[in-house]
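Here is the note you asked for, written as numbered points. Please keep the structure open beside the text while reading.

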Amino acid sequence: QVQLVESGGGLVQAGGSLRLSCAATGRTFTTYAMGWFRQAPGKEREFVAAINWRVGNTYYADSVKGRFTISRDNAKNEVYMQTNSLKPEDTAVYYCAATSTSYFRGSYSLSSAYNYWGQGTQVTVSS
């Protein structure tokens, strides 16, 4: 089992920045990739960004490319997402997700590819 705890959410004005963090504990040696998803009220959960845990390749949704940056610290078993130039439409609960090598099915952007989830952190962007 892997436990994930997010932090760093909050209220920010449009154009501002936040740095989200996710700490992983437990059987982290099995981690293949970690990602961030978000869910706004009344909408489905959507992919935001992901990172391959071993080689560090990164993947982004088109809506956040150039504004968000995902990174990792393998020694600390933490993943981060720097969010810049935030827009009101970025308002959502942001979830950290992890997938193990034995579970991953080849698509970083699908929520079904991840078998561990955090509780989420609220990001609110005011206009």
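Is R67 buried or exposed, going by its relative accessibility? The points below come to this residue in its setting, and it should be kept in mind throughout that the model is a predicted one.

1. To take the question first, R67 has a relative accessibility of 10%, and because buried means under 20%, R67 counts as buried. Its side chain forms a salt bridge with D90, and the closest N and O atoms of these two residues are 2.7 Å apart. Since R67 lies in the loop between β6 (58-60) and β7, while D90 lies in the loop between β8 and β9, this pair ties together parts that are 23 residues apart in sequence.

2. With R38 placed in strand β4 (residues 31-39) and D90 in the loop between β8 and β9, the contact ties together parts that are 52 residues apart in sequence.

3. R38, which is buried at 6% relative accessibility, also meets the side chain of E46 in a salt bridge, at 2.6 Å from N to O. E46, by contrast, counts as partly exposed, because its relative accessibility is 35%. Taken as a group, R38, E46, R67 and D90 are linked in a network of salt bridges, and the whole structure holds 4 salt bridges. As background for this point, side chains of opposite charge can pair when their charged atoms come close.

4. The structure holds 1 disulfide, and this bond joins C22 to C96 with an S to S distance of 2.1 Å. The two cysteines belong to distant parts of the chain, with C22 in strand β3 (residues 18-26) and C96 in strand β9 (residues 92-100), which places them 74 residues apart. The link is left-handed, with -80 degrees about the S-S bond. C22 counts as buried because its relative accessibility is 0%, and C96 counts as buried at 0% relative accessibility.

5. Turning to the strands, there is an open sheet of 4 strands in the order β1-β3-β8-β7, and the pairing in it is antiparallel. Because β1 (2-7) and β7 (68-73) stand at the edges with a single partner strand each, one side of each is left without a neighbour in the sheet. Neighbouring strands of this sheet are turned against each other by 15 degrees on average, when direction is ignored. The antiparallel strands β7 and β8 (residues 78-83) are joined by 6 bridges, and F68 stands opposite T83 in β8.

6. The aromatic residues form 8 pairs in the whole structure. In one of them, the ring centres of Y32 and Y108 are 6.3 Å apart and the planes meet at 20 degrees, so this pair is stacked. Y32 is partly exposed at 28% relative accessible area, whereas Y108 counts as buried at 12% relative accessibility. Ring pairs link Y32, Y59, F104 and Y108 into a cluster.

7. Two arginines also sit over aromatic rings: R45 lies over the face of Y95, at 3.9 Å from the ring centre, and R105 lies over the face of Y103, at 5.8 Å from the ring centre.

Note on methods
Residues are numbered from 1 along each chain as its sequence is written. This is a predicted model: local features need pLDDT of at least 70, side-chain atom pairs count only at pLDDT 80 or more; totals for chains, interfaces and linings use all residues. Side-chain values use heavy atoms; hydrogens and water are left out. A disulfide is a pair of cysteine sulfur atoms within 2.5 Å. Buried means under 20% relative accessible area, exposed over 50%, partly exposed in between (1.4 Å probe, protein chains only). Two strands pair if DSSP finds at least two bridges between them. Axes are lines fitted to C-alpha atoms, for helices over the stretch in contact, and angles run from 0 to 180 degrees between N-to-C directions. Rings of Phe, Tyr and Trp (its six-membered ring) pair if their centres lie within 6.5 Å; planes under 30 degrees apart count as stacked, over 60 as edge-to-face and the rest as tilted. A charge sits over a ring if NZ of Lys or CZ of Arg is within 6 Å of the ring centre and within 35 degrees of the ring normal.
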